[in-house]
Structure formats: structure tokens, C-alpha cells
Amino acid sequence: MSEESYRKSYESIVEKVWGIYAEAHPPVQPVRNPEAAHRVLKEKYKLLVDVNLIILVYAAFLDGRPVLFEGPPGTGKTEIGEALLTLWSGREAFVLPCSENYDEYRVIGDFHPLKAYKYGFNEKSFLPKPLLAAMIMDTGVLIDEIRRSNEEFQNLLLDIIDKRRIIVPELRMTFRASGAGFQFIFTSNPEDLAQSELSDAFLRRVVRIKFSYPDPERELEILRLRLSHLDVKVPEEIMSLSVEVVSRLRKEDLLYKPGVSDTVRWMEVSSRIASLKGKTRVDVSDVLEAAKAVLVKRVEDEESVLDIVESMIR
């Protein structure tokens with residue numbers, strides 16, 4: 001392939017990436033100052049994130065290292081990770097929910113069968129996937145539940161992160177990161193026994209940040225922030241009671257323990273129920289009704305969850 005032919009093929013792939021993904025990943029105002037990011041996260045994203053956590057994540061990005069958010073479900077790992085990647089790069093991040101079937105064809109690129117039959121395996125039939133698109137667009141990637149992937153996929157990611165380039169052998173092309181926006185955050189729930197362990201090679205490269213359930217005061221503060229948009233308000237005493245209930249459920253031997261996101265959703269659904277009934281504020285009956293739909297995730301837990309909820313909310 002001549003230099004001119006290579007350039008045209010390369011530009012064709014880049015143009016295709018922007019044509020497919022630009023609308024779904026629009027630019028935003030980049031914020032790389034941790035204090036400023038803290039304010040934006042609270043005001044725009046309704047997220048309470050400790051400044052020290054932001055500093056640690058940004059320091060990892062400056063060093064070119066991926067970050068691993070580890071903790072139980074519902075503690076904000078995915079939402080915070082996506083927001084930080086977006087603010088750092090100045091463009092909406094890509095989020096890839098992981099699967100044991102992930103390979104380079106699902107995340108880097110594949111070929112359209114009919115076009116490949118017509119044109120061959122070249123830029124005309126090539127379909128760029130999110131990982132390659134993120135590199136070309138210089139934005140971040142959040143890999144959700146990385147433990148669900150296999151070791152081969154993890155090694156593929158590490159090679160891309162270490163060398164900041166992607167090789168597509170079928171096209172005889174190498175794509176390289178053009179800026180500092182192309183960063184990675186992984187999320188993981190180490191307590192999920194159904195998922196595989198991460199390799200030592202993977203753990204050596206990441207900056208690990210532990211997530212846990214917030215204390216009741218912090219969770220109540222999160223509720224106030226996340227529920228401020230509701231037309232039918234949730235009284236302070238009911239929010240406080242919901243936090244007490246969820247804290248109790250987390251101490252029980254349940255298959256599914258509610259996270260902060262569940263507490264927020266519980267109160268949101270309670271508000272919607274009250275609104276549909278023509279009420280001006282949420283009361284206990286709305287909260288009990290919403291609990292059955294939001295807090296019970298497993299049939300085996302239903303009796304225990306509802307007994308606790310009904311005993312604490314009267």
C-alpha cells in the first residue's frame with residue numbers, strides 16, 4: 001500500500017467513526033481541575049464525589065494508568081466513572097458493559113459481510129467499534145464489570161493501554177492515541193462469586209480505588225441532591241427513614257443488598273406514585289407500595305425484605 005493510499009484509507013476510517021459516533025458522544029466543557037470537577041459533578045451530574053478521589057483518578061490519567069473502581073453494586077462506580085472520563089476528555093465517554101464473549105471484533109472493529117463480499121476486507125467494509133472510536137475521538141472508555149471478561153480480553157486491553165495504539169491487521173493499519181483524553185476506568189464487584197478473578201498482570205497496571213456504602217449522613221445528603229428535581233417532594237423524615245431501612249437491609253443475609261441507587265430509585269418511585277394519586281407530598285403508604293417494586297430483587301429475599309420494611313415504616 002502506497003503512502004497516499006494508506007492516508008486515504010486511514011482518513012476514510014476516521015471519517016466513518018465520526019459519522020457513526022459523534023452524535024452519541026458530543027463534546028462538553030473539559031474540566032481537569034479537581035476542585036472545579038467536584039463542583040460540576042455536584043451541580044450538573046448530581047453526584048457527591050470526594051475531591052481526594054478525583055485527584056487520585058486524575059493523577060492516574062496524567063500517568064497514563066487505567067483506574068479500577070471496586071465495590072458492591074449501587075455505590076456509584078459506573079456513574080461516577082463515566083462522568084469523570086467525560087469531564088477529563090471533554091467528550092461524552094464510551095461505556096461498555098462487559099461480557100465473557102468480548103473480543104477484538106466486538107470492541108475494535110469487524111467487517112460487514114455483504115460489503116466485504118462486494119469490496120473485500122478493506123476500509124469500505126470495515127465497521128469501527130467503540131474502543132477504536134474512543135481512541136480516534138480522544139475520549140474515555142468505561143469498561144463495566146471487567147471481571148466478567150476473559151483473561152485474553154484483559155490482555156488485549158492492557159496492550160492497548162500500555163502502547164496507546166490499536167493495530168487492525170486486516171487493514172494493515174495502526175491507529176494511535178492523539179491526546180490525553182483516551183483513558184480507561186474499569187468497574188468490578190469483587191464479592192460476586194460468579195465472576196472471574198483479575199490477573200496479576202492486570203492488577204499491577206491499574207490504580208485501584210475502593211467503593212463502599214456511604215454512612216447514613218452521606219447517603220441522606222445524596223438523597224437530598226438527587227431528589228431535588230421532583231415535583232412531589234419527599235419529606236425529610238421519610239428520606240431519613242428510607243436510609244435507616246436500607247442500612248438495615250445491607251446487614252441482613254440477603255442475596256441482593258440495596259445500594260445507594262436503590263435508595264434513590266425507591267424515593268423517586270414513591271414520588272411518582274404520590275403524583276399519580278394527586279398528592280402534593282409523599283406519605284408512608286406511597287413508600288410501602290414502592291418498596292415492593294424497588295427493594296425486592298430476588299424471590300428468596302421477598303419475605304425478609306418486606307418484613308423489615310413494614311416493621312420500620314409505619
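## A helix residue

Isoleucine 20 counts as partly exposed because its relative accessibility is 44%. (Buried means under 20% relative accessible area, exposed over 50%, partly exposed in between, with a 1.4 Å probe and protein chains only.) Isoleucine 20 sits in helix α1, residues 3-21. (Helices are DSSP runs of H or I with at least four residues, strands are runs of E with at least two, and both are numbered from the N terminus.) Proline 128 is 108 residues from isoleucine 20 in sequence. In space, their C-alpha atoms are 8.7 Å apart.

The model is predicted: local features need pLDDT of at least 70, side-chain atom pairs need 80 or more, and totals for chains, interfaces and linings use all residues. Residues are numbered from 1 along each chain as its sequence is written, and side-chain values use heavy atoms, without hydrogens or water.

## Overall layout

The protein has 314 residues, and 48% of them count as buried. It contains 14 helices and nine strands. The C-alpha trace spans about 75 × 40 × 40 Å along its principal axes.

Strand β6 covers residues 165-168. It pairs with β7 in the antiparallel sense, over four bridges. (Two strands pair if DSSP finds at least two bridges between them.) Valine 168 has methionine 173 of β7 as its bridge partner.

The two strands form a hairpin, with four residues between them. Arginine 172 lies in the turn and has a positive phi of about 55°. In a regular strand, side chains alternate between the two faces of the sheet. Strand β7, residues 173-176, shows alternating side chains. Met173 and Phe175 point to one face and are buried.

## The β1-β9 pair

Which way do β1 and β9 pair, parallel or antiparallel? They pair in the parallel sense, over four bridges. Strand β1 runs over residues 67-70, and β9 over residues 207-210. Phenylalanine 69 stands opposite isoleucine 209 in β9.

Strand β9 has two faces. Val207 and Ile209 make up the covered face. Arg208 and Lys210 make up the uncovered face.

## Positive phi in loops

Lysine 46 is not a glycine, yet it has a positive phi of about 60°. It lies in the loop between α2 (34-43) and α3 (51-62). Its relative accessibility is 32%, so lysine 46 counts as partly exposed.

Arginine 164 is another non-glycine residue with a positive phi, here about 50°. Its loop runs between α8 (151-163) and β6. Arginine 164 is partly exposed because its relative accessible area is 24%.

Where does aspartate 110 lie? Aspartate 110 is in strand β3, residues 109-111. With a relative accessible area of 28%, aspartate 110 is partly exposed. Serine 196 is 86 residues from aspartate 110 along the chain. Their C-alpha atoms are separated by 27 Å.

Aspartate 307 has its place in helix α14, residues 302-312. Its relative accessibility is 45%, so aspartate 307 counts as partly exposed.
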